Amino acid sequence: MPNVVVVIGAGSIGQAIARRVSAGKHVLLADLRLEVAKAAAKVLNDAGFAVSTATVDVSSRAAVEALVKQSTALGDITGLIHAAGVSPSQAPPAVILKVDLYGTPLVLELFGNVIARGGSGVVIASQSGHRLPAQTPEQNTALATTPVEKLLALPMLQPDMVTDPLNAYQISKRGNSLRVMPRRCVGASAARG
């Protein structure tokens with residue numbers, strides 16, 4: 001069975017990373033819109049990559065579980081590129097939090113259970129997460145460590161607390177950065193803001 005690189009979010013960033021790390025591997029391109037995945041697949045296929053496509057809504061546990069199943073059927077998952085997300089101009093705060101904040105740890109949890117030994121992943125966040133005013137150490141720890149299914153229930157993420165799409169985006173991207181940071185660094189990051 002071939003080694004597989006899963007690309008979630010088949011836009012330009014996902015494609016560029018896939019080109020750099022997927023030589024000799026099968027690329028599974030997943031996107032919310034199948035036509036986007038198919039267009040990206042054609043570009044990569046024309047460049048000599050073995051490619052297949054899938055649809056996925058990263059805000060849905062069932063959809064991500066289905067993608068994991070499809071991915072593992074192709075071979076050993078040795079790479080994960082998570083580049084899916086929505087911007088403040090594309091969605092209201094609740095959708096941004098569900099896709100950008102909840103979706104990332106969901107993908108990491110489910111693919112973390114099946115990634116091959118020695119495999120790796122990359123999560124694309126944004127500098128916007130560093131533009132968020134300083135959070136308390138408790139808030140940063142909560143964003144970094146709260147179990148996925150309890151994340152959106154945090155008091156700091158309720159609709160009366162996050163009313164602006166840009167703020168939702170910044171919180172989400174800060175959460176993404178904290179999720180991939182070694183746990184021993186989360187407290188230090190909180191102290192720096």
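Guide: Strands E4 (residues 76-82) and E5 (residues 120-123) pair in the parallel sense over four bridges; two strands pair if DSSP finds at least two bridges between them. Helices (H or I, at least four residues) and strands (E, at least two) are DSSP runs, numbered from the N terminus. This is a predicted model, where local features need pLDDT of at least 70 and side-chain atom pairs count only at pLDDT 80 or more, while totals for chains, interfaces and linings use all residues. Residues are numbered from 1 along each chain as its sequence is written, and side-chain values use heavy atoms, with hydrogens and water left out.

Within that pairing, Ile81 stands opposite Val122 in E5. From E4 the chain goes through H4 to E5, a right-handed β-α-β crossover (with the strands pointing away from the viewer, the path from the first strand over the helix to the second runs clockwise).

E4 has another partner: strand E1 (residues 3-8) runs parallel to E4, joined by six bridges, and Val4 stands opposite Ile77 in E4. Six of the seven residues of E4 are buried, so the strand is largely enclosed by the rest of the structure; buried means under 20% relative accessible area, with a 1.4 Å probe and protein chains only.

Contact here means heavy atoms within 4.5 Å, and the residues involved include Val64 and Leu67 in H3, and Leu106 and Leu110 in H4.

Conventions: Buried < 20%, exposed > 50% of the residue type's maximum accessible area, 1.4 Å probe, protein only.
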